[in-house]
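I went through helix packing, salt bridges and backbone angles in turn.

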Amino acid sequence: MSEPDPLSPLRDAIAEVDRTLLELLRRRMELAAEVGRVKAGSGMPVVVRDVEDVVLTRARQHAEACGVSEEVMESVFEAIIRGSVERQYRVGISLRQQRSGRRMLIVGGAGDMGTWFRGFLGLAGHEVEIVDPALASMPAAPGRFHSLDDVPDLDRFAAILVSVPLHHNLAVVEQVVARRPKAPVIEVASIKTPLAGVVERAREQGVRVFTLHPMFGPGKSYYETLTFVLGTHGDPAEEKRRVSEFLTHPYTRLVPVPFDHHDRLMAWLLGLAHLSNILFGAALTHSGMESAELHACASTTFTRQAKAALYVLSENPDLYLDIQHLNPHRHEVYAATREALDKIQDLVDRHDREGFRRTMTTARRMLDEES
């Protein structure tokens, strides 16, 4: 006869505690939903950092009593906060979304961002049809076209959204504009400079083209703040109003910037961020170190930087090359990067403690949004 498992009673007790925890989490999410209803009704923001900081501080203070580190307790409650925030967003969307039921066309609707926009527009109650070459091998279906030429009437759509690979964007926008649709054309590429000519010609022909840029990728949840940058050509307030008609999501942040300023802004927001992470990984390939050794001995700083770099390095290389290559302001970023590196190297070589301290302080202020 086998001996009874001494862990079995403990596991049963843990399972019972887990059931209690899950019930408490359910109750917490119900309370979060009530908070979301109040915030939606009064137009209050979902995320309140001061309140989150109080919750995390309270969690860290109880870490020792629970026999775990502050980092573990903080990560547990960060996950709970993320769940509560998502619940509040879901409630806010259900209460505040505008069910307009308009018909929309997405060119590139089977791609990653096209698929994201299909869900986004569908959540707002729109009827979405798509055009994508990837549909050529699929059975015909209403509202699914493998070529723009197969769409008989563009004027039946409230808006035409272009979400195609960056290197195809100009040609596709030109193809849409050539048909002179009455509906506005909204393109969502990361770089806008190549579009300057076609946008100007379109406006001369009475075709409205809006240059919109979602500041996130296709993995973005619909249940959080969504930031879009709008490259404006005329009155920023009017263009923002017109585009907002189609971004019927209560947590959209639409930030207008002059069209001519957009790509310079993106050179620093996207170009430099991508470049620094690619450089981090590329420099390590020249170190002669083994990857296993680096990770086995990794510091907290290395681990955090490696995680950010790995996220970028796992993305589409063609897209990231195009974001660099098509941005006419990239050389400004590269020159500033070389200059900053040369300055830091000089400070280190001269052991200039005060200069190094000033450099770090100035850099920190640039990154601290509260400075």
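I took helices (H or I, at least four residues) and strands (E, at least two) as DSSP runs, numbered from the N terminus. The model is predicted, so I kept local features to pLDDT of at least 70 and side-chain atom pairs to pLDDT 80 or more, while totals for chains, interfaces and linings use all residues. Residues are numbered from 1 along each chain as its sequence is written, and side-chain values use heavy atoms, with hydrogens and water left out.

Entry: salt bridges. I counted a side-chain nitrogen of Lys or Arg within 4 Å of a carboxyl oxygen of Asp or Glu. My search of the whole structure gave 24 of them. One joins Glu16 to Arg19, with 2.8 Å between the closest N and O atoms. Why are they about one helical turn apart? Because Glu16 and Arg19 lie three residues apart in helix 1 (residues 8-42).

Entry: helix packing. I fitted axes as lines to C-alpha atoms over the stretch in contact, with angles from 0 to 180 degrees between N-to-C directions. The axes of helix 13 (residues 330-349) and helix 14 (residues 353-367) come within 8 Å and cross at roughly 145°. For contacts I used heavy atoms within 4.5 Å. Lys343, Ile344, Leu347 and Val348 of helix 13 meet Gly355, Phe356 and Thr359 of helix 14.

Entry: surface patch. Helix 13 and helix 14 each supply at least two residues.

Entry: backbone. His351, in the loop between helix 13 and helix 14, has a positive phi of about 50°. Arg180 has phi near 45°, and sits in the loop between helix 6 (169-178) and strand 5 (185-187).
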